[in-house]
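Student: I want a close look at a single part of this model. Please start with the overall make-up, then go to the part itself.

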Amino acid sequence: MTERIVIDPVTRIEGHSKITIQLDETGNVADARFHVTQYRGFERFCVGRPFYEMPGLMGRICGICTISHMLASAQACEAIMSVRVMGTAQKLRKIVNYASLLQSHALAFFHLASPDFLLGMESDPKQRNIFGLMQENPEIARDGVRLRAIGQNIIGLMAGKKVHPDWIVVGGVASPMTEQVRQDIGELLPEAQEIIQRTLGWFKRTLDDYREEVSTFGNFPSKFLSLVNEHEEVLEIYRGRLRMVDDHRNTIADFHRDEYRDFIGEAVEPWSYLKFPYFKPEGYPGGIYRVGPLARLNVIESTGTPMADQELAEFRSRNPLSSFNYHLARLIECLNAVESIQRLIDDPDILNTRVRAHATANVESGVGVSEAPRGTLIHHYDVDENGLMTGANLVVSTTHNNLAMNRGVLQTARRYVDGARLNEGMLNRVEAVIRAFDPCLSCSTHAYNQLSLHFQMVGPDGEVLDDVKRG
Amino acid sequence: MTEQEFYMPVLIIGYGNTLRGDDGFGKYVASLLAERVQDPDVLILMPQQLTPDLAAQVAASRMTIFIDARVGENPGRVHHTTIQAPDRATPTFQHHITPEVLAGVTRALYGVVPEMHLLTAEATTFEVREGLSPALHDSAGDVIGQILTLISKSS
C-alpha cells in the first residue's frame, strides 16, 4: 500500500506552502513535492493602470522585498520611457537595495533558519523558533534583531519609511541624500560589520557539525543565474547583465534583460501556483537552475569588496553545490553589503541633488531587473499608446528556484524519511531544506493565514493513518 | 532615581494602521503628543505595528507607554493597563506582536524590563477608511492627560 505524508503549511518561511511526500509499497520515499498554495494576482490587476504607478503598486507585493521589486519595476518603466537613470540616483538606489538585502538576510538567517542550527534539528518545535533562541542564545538573537534593525533603519533614513516607502520613483528617486543622512548611515555600519564578522566566525565553526545536512540538503549539480556588472567581473545587484553558469562555474549564457525570454522559459504544473522557470536551451525540466546568494557567489569572480572577497575565497573551498551553503553565502553578502554601502556614501557625488529624469512613454515594452535578497527579479511591462498597462510578466526570485527546491525536498526526504512512523526531526529537516532557499511566497500574492503546522499521513483510499498538528 | 535612570528617556509608542479607521488612534494621539511635548527626555515613535527591533529602545527607556485602539462595546472608553513581561517570551510566530510579547522579548534580549503602560480606547470601526470616529477623537484628550500624568510622576 502506498501512503502520502503532507506537511501543511511549511513554517518559518515567507508565505504559504505545503510539502507532500509519496511513499512506495515498502515505505521508502517515491516522490516529494513543494506546493505553493497561494495565488498571484498582481500581473492581472495592474492592467489598465498608468505605467508610472507601477513601482508603488508592485512594491506592495511583499513587505520584505519591497525595494527590489520597486527597483525592477522602475527600470521597466524607464525602459518604456527610453530613459536610463545614471549617476547619483543609481548609486542611491544601490545603497537602499544593499540595505534591503541586509535586513532580509538578517531575517532569514537569524529569525528563520538559525533556530535549527542553534537549538538542533530534533529539538522541541515549541521552542525551535526565534523566541526559543532568545531564551537559549540571547547574544545571537540580539545580534539578529539588531542587524535587521540596522538594515531597516538605513532604508528609513534614505527613503523616509522602513516598509513600503514611495521614494523610488520612475526616473530616479524622490529626493537626494543629505549630509545628515550620510553621517547617520555611516555611524550604523561599524556595528553591522562587527555583528556579521562575529556571526561568520561561529557559523563557519557550526558548519562542521552539519556535514551530513550539507551533503544532503539540495546538494546536486545545477546551473546558476545572477546579475553581473556590465563593466567588471563583480557582483551586481541592480541592472547589469544576466549570466548563467554551469555547475563548474563555466559561463553558458550571458544576455541582456531584454532577451530573458530567449533563455528563460516558464513551465506550469497543476499542483502548484508557482511557475517553474527553466533554462530554455536545455528544456523542461532539464534546464534546472538556482538563483540567490549561493548562485550569485557561484556566478561572480569577485564580490567587489575586500573583506567579502576574503570570505569568498574560503567559500570556494566548501561545497558550492549544496543548498545548505545558502546560509553562509547570505552572511558573506551581508558583509559585502556593508562594505558597498560604506564605499557609496564615501563617494563625493552621493550628495548631488540631480536625482530624477522626466519623460513620457516612448516605446510599448520595457524590462527591468534587480537582484532581490532571494535572487534575480525580472519585471516586464507592456503599455498602449497612452501609457496604460496592457500586460505584465514577473519572474520573481523564488520562482526561479522552484525546480531546485522540489529536487532538494526529494533528496532530503529520501535521506531522512523512513516511511512507517512520522518523526519530528525528519519532518523538520524536510522543511529546513526549503528554509535554506529562503523562499518568499508572498511575492506571488498575499494570503491571510495563522501559521501552524499540520502533518498527515493518508492512505491511498484517503484514510488518515497518522496526524500531527503543531501550533 | 539613580543617575543611570535619569538619562533614560520615556518612550511613547503610538501604533496602528491609519488606513483602517480607528486603528490609527495610537498614531493620532502620538502625533498630538509630539506637537505638545517638546522634551528631549521623551521619545515618541509612531510605527504601524510593534516589531522585535523596538526591544532595544524599550530596554533603554525608564518607562514605555503604548497607545492603541481596542475592540469594545463602548466606543471611546479608555483603558489603562500595566504591562508585565510573561515568564517566557510567547512562542508564536506572526507578523505582529503585543506589548506583553515585546516586554518578554526585551527581557530575553537585554535582561531588563522598564515600567510599561498600555492606554487603549474602544473603537467604533476598523473598516478600510481614513480618519477616526467622533468617539475616538473625543477620547484623545483623556489619553493625553493620563500620559502627561505618567510622565510627570516618572520625572
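Student: How many helices and strands does chain A have? Then take me through the open sheet with the order S8-S7-S6-S11 in chain A, and what lies elsewhere in the chain.

Tutor: Chain A has 15 helices and 16 strands. Helices (H or I, at least four residues) and strands (E, at least two) are DSSP runs, numbered from the N terminus. The model is predicted: local features need pLDDT of at least 70, side-chain atom pairs count only at pLDDT 80 or more, and totals for chains, interfaces and linings use all residues. Residues are numbered from 1 along each chain as its sequence is written, while chains are lettered from A and ligands numbered from 1 in the order in which they are written.

Now the sheet. The open sheet has four strands, in the order S8-S7-S6-S11 of chain A, and the pairing is mixed. Two strands pair if DSSP finds at least two bridges between them. S8(A) and S11(A) (289–290) are the edges; each has a single partner strand, so one side of each lacks a neighbour in the sheet.

Start with S6(A), residues 223–228. It pairs with S7(A) in the antiparallel sense, over five bridges. Across that pairing, Leu225(A) faces Met244(A) of S7(A). The loop from S6(A) to S7(A) contains Arg239(A). Phi of Arg239(A) is positive, about 65°, although the residue is not a glycine. Arg239(A) is buried, because 21 other C-beta atoms lie within 10 Å. The cut-offs: buried means 20 or more other C-beta atoms within 10 Å of a residue's own, exposed means 12 or fewer, and partly exposed is in between, with C-beta atoms placed from the backbone.

Next comes S7(A), residues 241–245, with S8(A), residues 251–255. They pair antiparallel over four bridges. Met244(A) turns up again here, opposite Ala253(A) of S8(A). The S7(A)–S8(A) hairpin has five residues between the strands. Among them, Arg249(A) has a positive phi near 70°.

The loop between S10(A) (276–279) and S11(A) holds Pro285(A). The peptide bond from Tyr284(A) to Pro285(A) is cis, with omega near 0°.

Now step back to the chain. Of the 471 residues of chain A, 52% count as buried. Contact here means C-beta atoms, placed from the backbone, within 7 Å. Among contacts in chain A between residues at least 6 apart in sequence, 70% join residues at least 24 apart.

The largest nonpolar core has 176 residues, and Leu102(A), Val409(A) and Ile12(B) touch the most other members. H4(A), residues 87–119, gives the most to this core, with 15 residues. A nonpolar core is a set of buried Ala, Val, Leu, Ile, Met, Phe, Trp, Tyr and Cys residues joined through C-beta atoms within 7 Å. Beyond neighbours within four places in sequence, Val409(A) is in contact with residues including Ile19(A), Phe34(A) and Val433(A).

H4(A) also meets H7(A). The buried residues of H7(A) pack against H4(A), H6(A) (138–159) and H12(A) (326–345). Those buried residues are Ile185(A), Ala192(A), Ile195(A), Ile196(A) and Thr199(A). An α-helix has 3.6 residues a turn, so residues three or four places apart point the same way. H7(A) covers residues 179–207 and has 29 residues. From first C-alpha to last it reaches 42 Å, close to the 42 Å expected at 1.5 Å a residue. The expected span is 1.5 Å times one less than the number of residues.

H6(A) leads on to a loop. His164(A) sits there, between H6(A) and S4(A) (168–169). Its phi is near 55°, positive in a residue other than glycine. His164(A) counts as partly exposed, because it has 15 C-beta neighbours inside 10 Å.

Asp438(A) lies in the loop between H15(A) (424–437) and S15(A) (453–458). It counts as buried because it has 28 C-beta neighbours inside 10 Å. Leaving out residues up to four places away in sequence, Asp438(A) touches Ala108(A), Tyr326(A) and Arg374(A). Asp438(A) and Ser104(A) are 334 residues apart along the chain, yet their C-alpha atoms are separated by 9.5 Å.

Methods: Contact = placed C-beta atoms within 7 Å.
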